[in-house]
Amino acid sequence: MFKNFIAGEWLDGARVSRNINPSDTRDLVGEYAQADAAQARLAVASAEAAFPAWSLSTPQQRFDILDAVGSEILARRTEIGDLLAREEGKTLPEAVGEVTRAGHIFKFFAGEALRPGGELLPSVRPGVGVEITREALGVIGIITPWNFPIAIPAWKIAPALAYGNCVVFKPADLVPGSAWVLAEILSRSGLPQGVFNLVMGRGSEVGAVLLEDARVSAVTFTGSVGTGQKVAAACVARMAKFQLEMGGKNPLVVLDDADLDVAVNCAVQSGFYSTGQRCTASSRVIVSEGLQQRFVAAMVEKMKTLKVGNARQAGIDIGPVVDQTQLNQDLDHVRIAQQQGAKLAFGGEALAENEQGQPGFYLRPALITETSPEMRINREEVFGPVVSVQTARDYEHALALANDTPFGLAAGIVTRSLKHATHFKRHSQAGMVMVNLPTAGVDYHVPFGGRKGSSYGSREQGRYAAEFYTVVKTAYTLP
């Protein structure tokens, strides 16, 4: 039994959840305690009590703790990566890469703890000095999704602690294992009692407390659009600060002058790796008509070589979908696209088991062609290994199609034209733009976030994280 961590103690929950391996549904990863509302309120109270002292802790103390956490994560990256692959389903190399990123994030924000910054300015009034500083907010409620079960918690928890806040962390129900390991490392890091709390449990209970409790100063959330809207409404009602990272329907534009191999690599990496279960995935590929037939043919040939199977097995390119509900959603999108007139060029069928006979939630990556902008496959986030293709007359048409979405997280273009690349970077309505690179690959030391329906609030990661996790104070002094 893996317990919750509240007020410096490991506590049983009100109930237990079973963590199942999507690569082999016969494999029980573990049983994890589920907190109820009362335990969530206890976690909030412990964080509130710890905040006054922790917010005044020295930068050196915070550096030492976060740096040690990052070092342990990196030292155990293979072990933790195997657990991540086992519970979430991304391939082992991808899982180890995610754990590595989490370790680097903690080390980056350890350094940020030593660089709080600030300004000292003269006033417009003679003899008066002005200081501009940043201070911690208080208790931060952190709600994370299942698709990056250690990297996303890391890029929320690390800055929250680095800037002197206390944390109540609720991970996704589907992937408690990676969250628990991170919490266990933090529990031994030297953090004072109550500064960090792990409350695994249902959103309707634990999540509701984080949204409604007046002692929670801010909530940072990554997940679905629908849930994000509920987070926003609840926080606005009590004037709490909030930050949302939600869906994406990210375009990859491929122009006639593109290097075909580069284009195919970008499309495959962005659309199918991590089983397409990432908000930065390029699920829409927009191809200029002069290259469209060659591109689709090359994509199909490449997709034939992709191996689908157990995420922990060597040589596997695509792991399973995370669970049966997600698999059903992916299959529904493939079916509806065909009903609306699109063509299934390759894949799209569920596989009951892998080559070893292990039952799991497997889906052969799907390429859907002859689609139009109004089709559901081009409007809604699938969150699976399903990519649609649209044909563009020219660059201007491709740009218009790329921006024709309620989302705006990431966008990419493959071209040899400096003119078109430069124009696309400026006119793409997305928070992150990639040129001749997959959209699903971002650095940990620079801002992450989108526009329109993808994000709300200040950016995550890098130095821009301070915008959310701190509040600005201006002080005037007359000696």
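Is Glu 245 buried or exposed? Here are my notes, starting with that residue.

1. **Ground rules.** This is a predicted model, so local features need pLDDT of at least 70 and side-chain atom pairs count only at pLDDT 80 or more, while totals for chains, interfaces and linings use all residues. Residues are numbered from 1 along each chain as its sequence is written, and side-chain values use heavy atoms, leaving out hydrogens and water.

2. **Glu 245.** Glu 245 counts as buried, at 3% relative accessibility. Buried means under 20% relative accessible area, exposed means over 50%, and partly exposed is in between (1.4 Å probe, protein chains only). Glu 245 lies in strand β11, residues 241–245. Strands here are DSSP runs of E with at least two residues, helices are runs of H or I with at least four, and both are numbered from the N terminus. Leaving aside neighbours within four places in sequence, the contacts of Glu 245 include Phe 221, Leu 409, Phe 448, Ser 454 and Glu 460; contact means heavy atoms within 4.5 Å.

3. **What the record says.** An unreviewed UniProt entry puts the annotation "active site" on Glu 245. UniProt also lists residues 17–474 as "domain: Aldehyde dehydrogenase", again in an unreviewed entry. Read these with some care: annotations may be inferred rather than shown by experiment, feature names are shortened, and positions are given in the numbering used here. In the model, the span 17–474 is 40% helix and 22% strand, and its end C-alpha atoms lie 47 Å apart.

4. **Helix α3.** With twelve residues (77–88), α3 reaches 16 Å from its first C-alpha to its last, close to the 16 Å expected at 1.5 Å a residue. The expected span is 1.5 Å times one less than the number of residues. Among the buried residues of α3 are Ile 80, Leu 83, Leu 84 and also Glu 87 and Glu 88. The buried residues pack against β3, β4, α2, α4 and α6. After the helix comes Gly 89, with a positive phi near 105°.

5. **A hairpin to look at.** Strands β15 (350–353) and β16 (359–363) run antiparallel and are joined by three bridges; two strands pair if DSSP finds at least two bridges between them. Ala 350 stands opposite Leu 363 in β16. Five residues sit between the strands of this hairpin, and Gly 357 in the turn has a positive phi of about 80°.

6. **Cysteines.** How many disulfides does the rule give? The count is zero, where a disulfide is a pair of cysteine sulfur atoms within 2.5 Å. Take Cys 166: its sulfur is 18 Å from the closest cysteine sulfur, in Cys 235, so the two are too far apart for a bond. Cys 166 is also buried, at 0% relative accessible area.

7. **Aromatic rings.** The count comes to twelve aromatic pairs. Rings of Phe, Tyr and Trp (its six-membered ring) pair if their centres lie within 6.5 Å; planes under 30 degrees apart count as stacked, over 60 as edge-to-face and the rest as tilted. Phe 2 and Tyr 32 are stacked, at 4.6 Å centre to centre and 15° between the planes. That pair links distant parts of the chain, 30 residues apart: Phe 2 precedes β1, and Tyr 32 is in strand β4. Phe 2 is partly exposed at 27%, whereas Tyr 32 is buried at 3%. Ring pairs link Phe 2, Phe 5, Trp 10, Tyr 32 and Trp 180 into a cluster.
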